[in-house]
Number of protein chains: 2
Amino acid sequence: MTGALMAIGGAIDLKRPTLVQEFYHRAGGSQARLIILPTASSLPDSGVELREALIKEGLHQPPLILPVRSRAAAQDPALVDPIRAASGVFFTGGNQARLSSWLGGTLLESELHAAYQAGALIAGSSAGAAALSAVMIAFGRGGATPRQRSAQFAPGLGFTDQVIFDQHFRQRDRLGRLLYAVALHPGMLGVGVDENTAAILQGHSLEICGQNAVTIVDGRPIQDTDVADVSGASPVAVSGARLHVLTHGCAFDLASRQAQIPPKTLKVS
Amino acid sequence: MTGALMAIGGAIDLKRPTLVQEFYHRAGGSQARLIILPTASSLPDSGVELREALIKEGLHQPPLILPVRSRAAAQDPALVDPIRAASGVFFTGGNQARLSSWLGGTLLESELHAAYQAGALIAGSSAGAAALSAVMIAFGRGGATPRQRSAQFAPGLGFTDQVIFDQHFRQRDRLGRLLYAVALHPGMLGVGVDENTAAILQGHSLEICGQNAVTIVDGRPIQDTDVADVSGASPVAVSGARLHVLTHGCAFDLASRQAQIPPKTLKVS
(Lines give C-alpha, C1' and ligand atoms only; values in the text may rest on other atoms or scores of the structure.)
Protein backbone atom coordinates (compact mmCIF):
# COMPACT_ATOMS: atom_id res chain seq x y z
CA MET A 1 0.00 0.00 0.00
CA THR A 2 1.26 3.45 -0.93
CA GLY A 3 2.53 5.44 2.04
CA ALA A 4 1.72 8.95 3.13
CA LEU A 5 3.21 12.38 2.48
CA MET A 6 3.79 14.84 5.32
CA ALA A 7 4.41 18.41 4.13
CA ILE A 8 5.60 20.67 6.94
CA GLY A 9 5.71 24.44 6.53
CA GLY A 10 9.17 24.88 8.09
CA ALA A 11 10.34 26.18 11.48
CA ILE A 12 9.39 23.03 13.41
CA ASP A 13 9.33 23.75 17.13
CA LEU A 14 11.25 20.76 18.48
CA LYS A 15 10.30 21.69 22.05
CA ARG A 16 6.61 21.17 21.28
CA PRO A 17 6.33 17.52 20.38
CA THR A 18 3.27 17.63 18.06
CA LEU A 19 4.95 17.32 14.66
CA VAL A 20 7.86 15.14 15.79
CA GLN A 21 5.45 12.71 17.46
CA GLU A 22 3.16 12.71 14.44
CA PHE A 23 6.07 11.77 12.17
CA TYR A 24 7.33 9.20 14.70
CA HIS A 25 4.00 7.44 15.14
CA ARG A 26 3.03 7.48 11.47
CA ALA A 27 6.45 6.07 10.49
CA GLY A 28 6.03 3.07 12.81
CA GLY A 29 6.81 4.24 16.37
CA SER A 30 9.62 2.51 18.23
CA GLN A 31 10.14 0.02 15.38
CA ALA A 32 10.48 2.76 12.77
CA ARG A 33 13.50 2.74 10.46
CA LEU A 34 14.09 6.40 9.76
CA ILE A 35 16.22 8.22 7.20
CA ILE A 36 16.95 11.94 7.31
CA LEU A 37 18.03 13.56 4.04
CA PRO A 38 19.80 16.92 4.61
CA THR A 39 20.31 17.32 0.85
CA ALA A 40 18.45 20.63 0.52
CA SER A 41 20.51 22.32 3.23
CA SER A 42 23.92 23.99 3.03
CA LEU A 43 24.36 23.60 6.81
CA PRO A 44 26.62 20.66 7.73
CA ASP A 45 24.57 19.82 10.86
CA SER A 46 21.17 19.84 9.15
CA GLY A 47 18.96 17.11 10.62
CA VAL A 48 20.99 16.57 13.79
CA GLU A 49 18.50 18.23 16.17
CA LEU A 50 15.59 16.42 14.55
CA ARG A 51 17.49 13.17 14.95
CA GLU A 52 17.94 13.85 18.68
CA ALA A 53 14.26 14.72 19.10
CA LEU A 54 13.23 11.50 17.37
CA ILE A 55 15.59 9.40 19.51
CA LYS A 56 13.95 10.93 22.62
CA GLU A 57 10.60 9.53 21.50
CA GLY A 58 12.10 6.03 21.77
CA LEU A 59 13.51 4.12 18.81
CA HIS A 60 14.94 0.65 18.39
CA GLN A 61 17.35 2.02 15.76
CA PRO A 62 18.48 5.67 15.67
CA PRO A 63 17.63 7.64 12.49
CA LEU A 64 20.28 7.59 9.81
CA ILE A 65 21.35 10.94 8.34
CA LEU A 66 22.36 10.20 4.74
CA PRO A 67 25.04 12.66 3.58
CA VAL A 68 23.77 13.08 0.01
CA ARG A 69 24.95 16.40 -1.39
CA SER A 70 25.78 15.59 -5.02
CA ARG A 71 24.44 13.54 -7.90
CA ALA A 72 27.34 11.11 -7.45
CA ALA A 73 26.24 10.39 -3.87
CA ALA A 74 22.63 9.94 -5.01
CA GLN A 75 23.84 7.29 -7.48
CA ASP A 76 25.99 5.41 -4.93
CA PRO A 77 24.31 2.04 -4.24
CA ALA A 78 26.02 1.60 -0.83
CA LEU A 79 24.84 4.99 0.38
CA VAL A 80 21.33 4.62 -1.03
CA ASP A 81 20.78 1.04 0.16
CA PRO A 82 19.11 1.80 3.56
CA ILE A 83 16.29 3.69 1.86
CA ARG A 84 14.70 0.51 0.56
CA ALA A 85 13.97 -0.70 4.11
CA ALA A 86 12.96 2.71 5.51
CA SER A 87 9.54 3.19 7.07
CA GLY A 88 9.99 6.96 7.23
CA VAL A 89 12.07 9.49 5.29
CA PHE A 90 12.48 13.15 6.23
CA PHE A 91 13.75 15.89 3.89
CA THR A 92 15.09 18.86 5.84
CA GLY A 93 14.71 22.44 4.64
CA GLY A 94 17.10 24.44 2.48
CA ASN A 95 16.72 24.89 -1.26
CA GLN A 96 14.26 22.69 -3.15
CA ALA A 97 16.19 23.06 -6.43
CA ARG A 98 19.02 21.10 -4.76
CA LEU A 99 16.57 18.26 -4.17
CA SER A 100 15.35 18.19 -7.77
CA SER A 101 18.69 18.89 -9.48
CA TRP A 102 20.72 16.49 -7.32
CA LEU A 103 18.18 13.68 -6.86
CA GLY A 104 16.17 13.88 -10.11
CA GLY A 105 16.64 10.78 -12.24
CA THR A 106 18.98 9.08 -9.74
CA LEU A 107 18.97 5.72 -8.00
CA LEU A 108 18.11 7.48 -4.74
CA GLU A 109 14.98 9.01 -6.29
CA SER A 110 13.78 5.63 -7.58
CA GLU A 111 14.48 3.95 -4.23
CA LEU A 112 12.47 6.70 -2.49
CA HIS A 113 9.56 6.00 -4.83
CA ALA A 114 9.88 2.27 -4.17
CA ALA A 115 9.81 2.88 -0.39
CA TYR A 116 6.79 5.17 -0.78
CA GLN A 117 4.98 2.56 -2.90
CA ALA A 118 5.76 -0.01 -0.19
CA GLY A 119 4.13 2.15 2.48
CA ALA A 120 6.81 4.50 3.81
CA LEU A 121 5.97 7.92 5.17
CA ILE A 122 7.75 10.62 3.14
CA ALA A 123 8.03 13.87 5.07
CA GLY A 124 9.63 17.19 4.23
CA SER A 125 9.90 20.54 5.92
CA SER A 126 10.12 23.86 4.08
CA ALA A 127 12.09 23.11 0.88
CA GLY A 128 11.54 19.43 1.65
CA ALA A 129 7.77 19.97 1.55
CA ALA A 130 7.88 21.97 -1.67
CA ALA A 131 9.80 19.23 -3.49
CA LEU A 132 7.30 16.43 -2.74
CA SER A 133 5.03 17.20 -5.69
CA ALA A 134 5.42 16.64 -9.44
CA VAL A 135 5.31 20.37 -10.11
CA MET A 136 6.99 22.33 -7.34
CA ILE A 137 7.36 26.02 -6.59
CA ALA A 138 11.14 26.42 -6.89
CA PHE A 139 11.24 30.06 -5.78
CA GLY A 140 9.15 33.20 -6.06
CA ARG A 141 7.87 36.34 -4.43
CA GLY A 142 5.51 37.01 -1.55
CA GLY A 143 2.33 39.08 -1.59
CA ALA A 144 -1.39 38.51 -1.50
CA THR A 145 -2.03 39.23 -5.20
CA PRO A 146 -1.30 36.62 -7.86
CA ARG A 147 1.13 38.13 -10.36
CA GLN A 148 2.70 36.83 -13.53
CA ARG A 149 6.08 35.24 -12.70
CA SER A 150 5.37 35.46 -8.93
CA ALA A 151 6.34 31.79 -8.67
CA GLN A 152 9.01 29.93 -10.59
CA PHE A 153 8.11 26.27 -11.03
CA ALA A 154 10.28 23.25 -11.63
CA PRO A 155 9.75 19.50 -11.78
CA GLY A 156 9.77 18.16 -8.22
CA LEU A 157 10.25 14.65 -6.83
CA GLY A 158 6.81 13.59 -8.02
CA PHE A 159 5.21 11.81 -5.04
CA THR A 160 1.89 13.45 -5.97
CA ASP A 161 0.60 15.06 -9.16
CA GLN A 162 -2.62 16.28 -7.54
CA VAL A 163 -1.21 18.94 -5.24
CA ILE A 164 1.24 21.85 -5.25
CA PHE A 165 2.64 22.48 -1.76
CA ASP A 166 3.79 25.89 -0.58
CA GLN A 167 5.43 26.47 2.81
CA HIS A 168 6.22 29.23 5.36
CA PHE A 169 2.84 30.16 4.00
CA ARG A 170 1.23 32.80 6.14
CA GLN A 171 4.58 33.88 7.61
CA ARG A 172 5.89 34.86 4.15
CA ASP A 173 2.55 36.02 2.69
CA ARG A 174 2.38 33.51 -0.14
CA LEU A 175 -1.31 33.36 -1.03
CA GLY A 176 -0.68 35.34 -4.22
CA ARG A 177 1.82 32.90 -5.66
CA LEU A 178 -0.29 29.88 -4.70
CA LEU A 179 -3.32 31.40 -6.46
CA TYR A 180 -1.03 32.05 -9.44
CA ALA A 181 0.06 28.40 -9.45
CA VAL A 182 -3.53 27.18 -9.34
CA ALA A 183 -4.68 29.67 -12.00
CA LEU A 184 -2.05 28.24 -14.35
CA HIS A 185 -3.67 24.79 -14.00
CA PRO A 186 -6.88 24.84 -11.95
CA GLY A 187 -6.86 21.05 -11.67
CA MET A 188 -4.07 21.35 -9.11
CA LEU A 189 -4.94 21.68 -5.45
CA GLY A 190 -2.85 24.42 -3.89
CA VAL A 191 -1.85 23.55 -0.32
CA GLY A 192 -0.10 26.33 1.61
CA VAL A 193 1.36 25.08 4.87
CA ASP A 194 2.19 27.46 7.72
CA GLU A 195 5.30 27.13 9.86
CA ASN A 196 5.26 24.44 12.56
CA THR A 197 2.24 22.87 10.85
CA ALA A 198 1.80 19.84 8.60
CA ALA A 199 -0.50 18.70 5.81
CA ILE A 200 -0.55 14.90 5.70
CA LEU A 201 -1.75 13.30 2.47
CA GLN A 202 -2.74 9.64 2.42
CA GLY A 203 -4.77 8.40 -0.53
CA HIS A 204 -7.28 11.17 -1.14
CA SER A 205 -7.38 12.35 2.45
CA LEU A 206 -5.44 15.38 3.64
CA GLU A 207 -5.14 15.88 7.41
CA ILE A 208 -3.91 18.96 9.23
CA CYS A 209 -1.66 18.79 12.25
CA GLY A 210 0.25 21.39 14.27
CA GLN A 211 0.22 24.90 15.62
CA ASN A 212 -0.97 27.09 12.74
CA ALA A 213 -3.04 26.58 9.59
CA VAL A 214 -3.08 25.04 6.14
CA THR A 215 -4.61 27.13 3.34
CA ILE A 216 -6.19 25.13 0.53
CA VAL A 217 -6.90 26.71 -2.87
CA ASP A 218 -9.24 24.54 -4.93
CA GLY A 219 -8.94 25.64 -8.55
CA ARG A 220 -11.56 23.39 -10.14
CA PRO A 221 -14.43 25.87 -9.65
CA ILE A 222 -12.37 28.72 -11.19
CA GLN A 223 -14.62 30.38 -13.75
CA ASP A 224 -12.13 32.55 -15.54
CA THR A 225 -8.55 33.82 -15.41
CA ASP A 226 -6.42 36.01 -17.65
CA VAL A 227 -3.18 34.26 -16.61
CA ALA A 228 -2.45 33.35 -20.24
CA ASP A 229 -2.55 36.97 -21.37
CA VAL A 230 -0.87 38.95 -18.60
CA SER A 231 2.68 40.14 -19.21
CA GLY A 232 5.63 41.23 -17.06
CA ALA A 233 4.87 40.98 -13.35
CA SER A 234 1.33 42.36 -13.66
CA PRO A 235 -1.50 41.14 -11.43
CA VAL A 236 -3.40 38.10 -12.66
CA ALA A 237 -7.20 38.00 -12.34
CA VAL A 238 -8.79 34.78 -11.04
CA SER A 239 -12.51 34.28 -10.38
CA GLY A 240 -14.28 31.54 -8.47
CA ALA A 241 -11.42 29.77 -6.67
CA ARG A 242 -12.58 28.04 -3.47
CA LEU A 243 -10.55 28.72 -0.34
CA HIS A 244 -10.28 26.69 2.89
CA VAL A 245 -8.19 27.60 5.91
CA LEU A 246 -7.89 24.52 8.11
CA THR A 247 -6.32 23.94 11.50
CA HIS A 248 -5.22 21.02 13.70
CA GLY A 249 -7.64 18.11 13.47
CA CYS A 250 -9.32 19.30 10.28
CA ALA A 251 -9.26 17.24 7.09
CA PHE A 252 -9.87 17.70 3.38
CA ASP A 253 -11.00 15.06 0.92
CA LEU A 254 -9.34 15.42 -2.49
CA ALA A 255 -11.98 13.31 -4.23
CA SER A 256 -15.08 15.14 -2.99
CA ARG A 257 -13.21 18.44 -2.48
CA GLN A 258 -14.92 18.81 0.89
CA ALA A 259 -13.34 20.00 4.15
CA GLN A 260 -14.14 18.52 7.55
CA ILE A 261 -13.86 20.79 10.57
CA PRO A 262 -14.25 18.83 13.81
CA PRO A 263 -16.04 20.05 16.94
CA LYS A 264 -13.82 22.29 19.10
CA THR A 265 -12.61 19.71 21.60
CA LEU A 266 -9.23 18.82 20.09
CA LYS A 267 -6.17 20.49 21.50
CA VAL A 268 -2.65 20.80 20.09
CA SER A 269 -0.23 19.24 22.54
CA MET B 1 -4.15 0.34 -24.55
CA THR B 2 -2.83 3.84 -23.95
CA GLY B 3 -2.59 5.94 -27.11
CA ALA B 4 0.29 7.94 -28.48
CA LEU B 5 1.41 11.55 -28.19
CA MET B 6 2.49 13.54 -31.22
CA ALA B 7 4.38 16.72 -30.38
CA ILE B 8 4.87 18.97 -33.42
CA GLY B 9 7.26 21.92 -33.31
CA GLY B 10 4.88 24.36 -35.01
CA ALA B 11 4.74 25.81 -38.54
CA ILE B 12 3.33 22.67 -40.18
CA ASP B 13 3.72 22.86 -43.92
CA LEU B 14 0.28 21.74 -45.08
CA LYS B 15 1.48 21.51 -48.68
CA ARG B 16 3.96 18.77 -47.74
CA PRO B 17 1.83 15.91 -46.56
CA THR B 18 4.29 14.20 -44.15
CA LEU B 19 2.92 15.37 -40.79
CA VAL B 20 -0.75 15.51 -41.83
CA GLN B 21 -0.55 11.97 -43.20
CA GLU B 22 1.28 10.73 -40.11
CA PHE B 23 -1.47 12.12 -37.88
CA TYR B 24 -4.18 10.79 -40.20
CA HIS B 25 -2.81 7.26 -40.37
CA ARG B 26 -1.94 6.99 -36.68
CA ALA B 27 -5.42 8.23 -35.72
CA GLY B 28 -7.14 5.50 -37.75
CA GLY B 29 -7.07 6.58 -41.41
CA SER B 30 -10.38 6.95 -43.22
CA GLN B 31 -12.31 5.66 -40.18
CA ALA B 32 -10.69 8.17 -37.80
CA ARG B 33 -12.90 10.31 -35.60
CA LEU B 34 -10.94 13.53 -35.25
CA ILE B 35 -11.29 16.51 -32.93
CA ILE B 36 -9.41 19.78 -33.39
CA LEU B 37 -9.08 21.98 -30.30
CA PRO B 38 -8.24 25.60 -31.24
CA THR B 39 -8.25 26.58 -27.54
CA ALA B 40 -4.67 27.87 -27.43
CA SER B 41 -5.22 30.27 -30.32
CA SER B 42 -6.70 33.75 -30.40
CA LEU B 43 -7.41 33.44 -34.14
CA PRO B 44 -11.07 32.61 -34.88
CA ASP B 45 -10.15 30.36 -37.84
CA SER B 46 -7.52 28.31 -36.03
CA GLY B 47 -7.69 24.69 -37.17
CA VAL B 48 -9.67 25.34 -40.37
CA GLU B 49 -6.78 24.74 -42.79
CA LEU B 50 -5.71 21.62 -40.93
CA ARG B 51 -9.29 20.38 -41.11
CA GLU B 52 -9.31 20.86 -44.90
CA ALA B 53 -5.96 19.08 -45.28
CA LEU B 54 -7.24 16.12 -43.25
CA ILE B 55 -10.47 15.91 -45.28
CA LYS B 56 -8.34 15.72 -48.45
CA GLU B 57 -6.68 12.58 -47.09
CA GLY B 58 -10.10 10.91 -47.11
CA LEU B 59 -12.31 10.65 -44.04
CA HIS B 60 -15.66 9.01 -43.38
CA GLN B 61 -16.48 11.84 -40.94
CA PRO B 62 -14.94 15.33 -41.21
CA PRO B 63 -12.90 16.52 -38.19
CA LEU B 64 -14.85 18.46 -35.60
CA ILE B 65 -13.42 21.80 -34.47
CA LEU B 66 -14.59 22.20 -30.86
CA PRO B 67 -14.95 25.91 -29.99
CA VAL B 68 -13.62 25.71 -26.44
CA ARG B 69 -12.29 29.10 -25.38
CA SER B 70 -13.35 29.35 -21.73
CA ARG B 71 -13.57 27.19 -18.62
CA ALA B 72 -17.37 27.21 -18.96
CA ALA B 73 -17.11 25.63 -22.43
CA ALA B 74 -14.63 23.03 -21.13
CA GLN B 75 -17.20 22.05 -18.48
CA ASP B 76 -20.14 21.81 -20.92
CA PRO B 77 -21.10 18.12 -21.27
CA ALA B 78 -22.78 18.61 -24.67
CA LEU B 79 -19.72 20.29 -26.14
CA VAL B 80 -17.27 17.82 -24.59
CA ASP B 81 -19.23 14.68 -25.44
CA PRO B 82 -17.57 13.87 -28.85
CA ILE B 83 -14.15 13.59 -27.23
CA ARG B 84 -14.97 10.27 -25.60
CA ALA B 85 -15.31 8.59 -29.01
CA ALA B 86 -12.36 10.38 -30.66
CA SER B 87 -9.51 8.37 -32.16
CA GLY B 88 -7.39 11.49 -32.65
CA VAL B 89 -7.26 14.91 -31.01
CA PHE B 90 -5.23 17.86 -32.28
CA PHE B 91 -4.33 20.96 -30.22
CA THR B 92 -3.46 23.91 -32.45
CA GLY B 93 -0.80 26.45 -31.54
CA GLY B 94 -1.23 29.70 -29.66
CA ASN B 95 -0.53 30.10 -25.96
CA GLN B 96 -0.04 27.00 -23.84
CA ALA B 97 -1.16 28.82 -20.67
CA ARG B 98 -4.63 29.05 -22.24
CA LEU B 99 -4.65 25.27 -22.50
CA SER B 100 -3.66 24.73 -18.87
CA SER B 101 -5.68 27.58 -17.35
CA TRP B 102 -8.85 26.92 -19.34
CA LEU B 103 -8.78 23.11 -19.49
CA GLY B 104 -7.01 22.22 -16.20
CA GLY B 105 -9.32 20.38 -13.82
CA THR B 106 -12.29 20.41 -16.23
CA LEU B 107 -14.55 17.74 -17.69
CA LEU B 108 -12.83 18.21 -21.05
CA GLU B 109 -9.43 17.45 -19.53
CA SER B 110 -10.67 14.25 -17.93
CA GLU B 111 -12.41 13.13 -21.14
CA LEU B 112 -9.16 13.74 -23.04
CA HIS B 113 -7.33 11.52 -20.55
CA ALA B 114 -10.03 8.86 -20.91
CA ALA B 115 -9.70 8.96 -24.71
CA TYR B 116 -5.90 8.74 -24.43
CA GLN B 117 -6.16 5.79 -22.05
CA ALA B 118 -8.53 4.13 -24.53
CA GLY B 119 -5.96 4.46 -27.32
CA ALA B 120 -6.51 7.86 -28.94
CA LEU B 121 -3.67 9.78 -30.55
CA ILE B 122 -3.19 13.13 -28.83
CA ALA B 123 -1.34 15.61 -31.03
CA GLY B 124 -0.36 19.21 -30.54
CA SER B 125 1.56 21.77 -32.52
CA SER B 126 3.64 24.56 -30.97
CA ALA B 127 1.74 25.55 -27.78
CA GLY B 128 -0.27 22.36 -28.21
CA ALA B 129 2.95 20.32 -28.06
CA ALA B 130 4.27 22.17 -25.01
CA ALA B 131 1.08 21.52 -23.04
CA LEU B 132 1.12 17.72 -23.46
CA SER B 133 3.45 17.06 -20.50
CA ALA B 134 2.90 17.21 -16.73
CA VAL B 135 5.43 20.01 -16.38
CA MET B 136 5.36 22.35 -19.36
CA ILE B 137 7.47 25.30 -20.44
CA ALA B 138 4.88 28.09 -20.32
CA PHE B 139 7.16 30.78 -21.73
CA GLY B 140 10.80 31.81 -21.65
CA ARG B 141 13.76 33.22 -23.51
CA GLY B 142 15.90 31.92 -26.37
CA GLY B 143 19.65 31.42 -26.38
CA ALA B 144 22.08 28.54 -26.32
CA THR B 145 23.16 28.98 -22.68
CA PRO B 146 21.00 27.74 -19.84
CA ARG B 147 20.23 30.66 -17.55
CA GLN B 148 18.29 30.97 -14.33
CA ARG B 149 14.66 31.92 -15.13
CA SER B 150 15.22 31.30 -18.88
CA ALA B 151 12.10 29.14 -18.85
CA GLN B 152 8.92 29.65 -16.86
CA PHE B 153 7.22 26.36 -16.08
CA ALA B 154 3.61 25.56 -15.29
CA PRO B 155 1.57 22.41 -14.80
CA GLY B 156 0.57 21.09 -18.23
CA LEU B 157 -2.14 18.66 -19.32
CA GLY B 158 -0.19 15.71 -17.95
CA PHE B 159 -0.24 13.06 -20.69
CA THR B 160 3.39 12.22 -19.81
CA ASP B 161 5.52 12.85 -16.73
CA GLN B 162 8.71 11.54 -18.35
CA VAL B 163 9.28 14.26 -20.91
CA ILE B 164 9.35 18.05 -21.25
CA PHE B 165 8.57 19.15 -24.81
CA ASP B 166 9.89 22.34 -26.31
CA GLN B 167 8.91 23.58 -29.78
CA HIS B 168 10.02 25.95 -32.58
CA PHE B 169 13.24 24.55 -31.20
CA ARG B 170 16.13 25.32 -33.53
CA GLN B 171 14.25 28.19 -35.19
CA ARG B 172 14.02 30.06 -31.87
CA ASP B 173 17.35 28.89 -30.41
CA ARG B 174 15.93 27.15 -27.35
CA LEU B 175 18.64 24.67 -26.35
CA GLY B 176 19.57 26.84 -23.36
CA ARG B 177 16.13 26.79 -21.79
CA LEU B 178 15.71 23.05 -22.42
CA LEU B 179 19.06 22.37 -20.71
CA TYR B 180 17.85 24.60 -17.86
CA ALA B 181 14.64 22.57 -17.57
CA VAL B 182 16.55 19.29 -17.48
CA ALA B 183 19.13 20.65 -15.00
CA LEU B 184 16.28 21.48 -12.62
CA HIS B 185 15.25 17.80 -12.62
CA PRO B 186 17.65 15.57 -14.58
CA GLY B 187 15.14 12.71 -14.51
CA MET B 188 13.16 14.54 -17.17
CA LEU B 189 13.92 13.90 -20.82
CA GLY B 190 14.07 17.20 -22.68
CA VAL B 191 12.61 16.89 -26.18
CA GLY B 192 13.04 19.96 -28.40
CA VAL B 193 11.02 19.70 -31.58
CA ASP B 194 11.84 21.80 -34.65
CA GLU B 195 9.22 23.38 -36.87
CA ASN B 196 7.41 21.09 -39.33
CA THR B 197 8.72 18.10 -37.40
CA ALA B 198 7.15 15.73 -34.87
CA ALA B 199 8.24 13.61 -31.93
CA ILE B 200 5.79 10.72 -31.49
CA LEU B 201 5.75 9.01 -28.10
CA GLN B 202 4.11 5.60 -27.69
CA GLY B 203 4.96 3.59 -24.60
CA HIS B 204 8.68 4.11 -24.13
CA SER B 205 9.41 4.62 -27.81
CA LEU B 206 9.87 8.07 -29.32
CA GLU B 207 9.85 8.31 -33.13
CA ILE B 208 10.88 11.29 -35.24
CA CYS B 209 8.96 12.37 -38.31
CA GLY B 210 9.15 15.38 -40.60
CA GLN B 211 11.41 17.91 -42.24
CA ASN B 212 13.85 19.02 -39.52
CA ALA B 213 15.18 17.55 -36.28
CA VAL B 214 14.31 16.65 -32.71
CA THR B 215 16.92 17.47 -30.06
CA ILE B 216 16.91 15.17 -27.04
CA VAL B 217 18.59 16.19 -23.78
CA ASP B 218 19.01 13.20 -21.46
CA GLY B 219 19.62 14.53 -17.96
CA ARG B 220 20.21 11.26 -16.09
CA PRO B 221 23.98 11.23 -16.70
CA ILE B 222 24.31 14.84 -15.48
CA GLN B 223 27.19 14.84 -13.00
CA ASP B 224 26.78 18.25 -11.49
CA THR B 225 24.88 21.52 -11.83
CA ASP B 226 24.76 24.75 -9.87
CA VAL B 227 21.15 25.47 -10.85
CA ALA B 228 20.11 25.58 -7.20
CA ASP B 229 22.60 28.32 -6.38
CA VAL B 230 22.55 30.68 -9.37
CA SER B 231 20.64 33.95 -8.97
CA GLY B 232 19.08 36.50 -11.31
CA ALA B 233 19.35 35.49 -14.95
CA SER B 234 22.95 34.25 -14.63
CA PRO B 235 24.21 31.30 -16.66
CA VAL B 236 23.70 27.86 -15.11
CA ALA B 237 26.50 25.27 -15.30
CA VAL B 238 25.56 21.70 -16.25
CA SER B 239 28.02 18.86 -16.77
CA GLY B 240 27.52 15.48 -18.38
CA ALA B 241 24.13 15.86 -20.11
CA ARG B 242 23.78 13.55 -23.10
CA LEU B 243 22.58 15.09 -26.34
CA HIS B 244 20.95 13.48 -29.38
CA VAL B 245 19.87 15.27 -32.56
CA LEU B 246 17.56 12.96 -34.49
CA THR B 247 15.88 13.28 -37.87
CA HIS B 248 13.08 11.61 -39.85
CA GLY B 249 13.02 7.87 -39.28
CA CYS B 250 15.17 7.92 -36.15
CA ALA B 251 13.88 6.68 -32.81
CA PHE B 252 14.76 6.94 -29.14
CA ASP B 253 13.97 4.42 -26.41
CA LEU B 254 13.05 6.06 -23.10
CA ALA B 255 13.74 2.91 -21.11
CA SER B 256 17.24 2.16 -22.40
CA ARG B 257 17.98 5.83 -23.26
CA GLN B 258 19.39 4.70 -26.60
CA ALA B 259 18.87 6.33 -29.99
CA GLN B 260 18.39 4.41 -33.22
CA ILE B 261 19.57 6.05 -36.44
CA PRO B 262 18.47 4.06 -39.49
CA PRO B 263 20.52 3.54 -42.66
CA LYS B 264 20.24 6.49 -45.07
CA THR B 265 17.57 5.14 -47.36
CA LEU B 266 14.49 6.82 -45.88
CA LYS B 267 13.21 9.99 -47.50
CA VAL B 268 10.79 12.61 -46.24
CA SER B 269 7.85 12.81 -48.61
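A residue counts as buried when its relative accessible area is under 20%, as exposed when it is over 50%, and as partly exposed in between (1.4 Å probe, protein chains only). By that rule, buried residues make up 57% of the 269 residues in chain A. This is a predicted model, in which local features need pLDDT of at least 70 and side-chain atom pairs count only at pLDDT 80 or more, while totals for chains, interfaces and linings use all residues. Residues are numbered from 1 along each chain as its sequence is written, and chains are lettered from A.

**Chain A**

- Chain A has eight helices and 17 strands, taken as DSSP runs (H or I, at least four residues, for helices; E, at least two, for strands).
- The C-alpha trace spans about 55 × 45 × 30 Å along its principal axes.
- Of the contacts (heavy atoms within 4.5 Å) with a separation of 6 or more in chain A, 73% are between residues 24 or more positions apart.

**Largest pocket**

- A pocket is an open set of points on a 1 Å grid over the protein atoms alone, where a 1.4 Å probe fits, with protein on both sides within 12 Å along at least five of seven lines; lining residues have an atom within 4 Å of a point.
- The lining of the largest pocket comprises 41 residues, and A:Ala134, A:Asp161, B:Ala134, B:Thr160 and B:Asp161 lie nearest the centre.
- Two elements give two or more residues to this lining: α6 (107-117) of chain A and α6 (107-117) of chain B.
- The most comes from α6(B), with four residues.

Methods
Heavy atoms only, no water.
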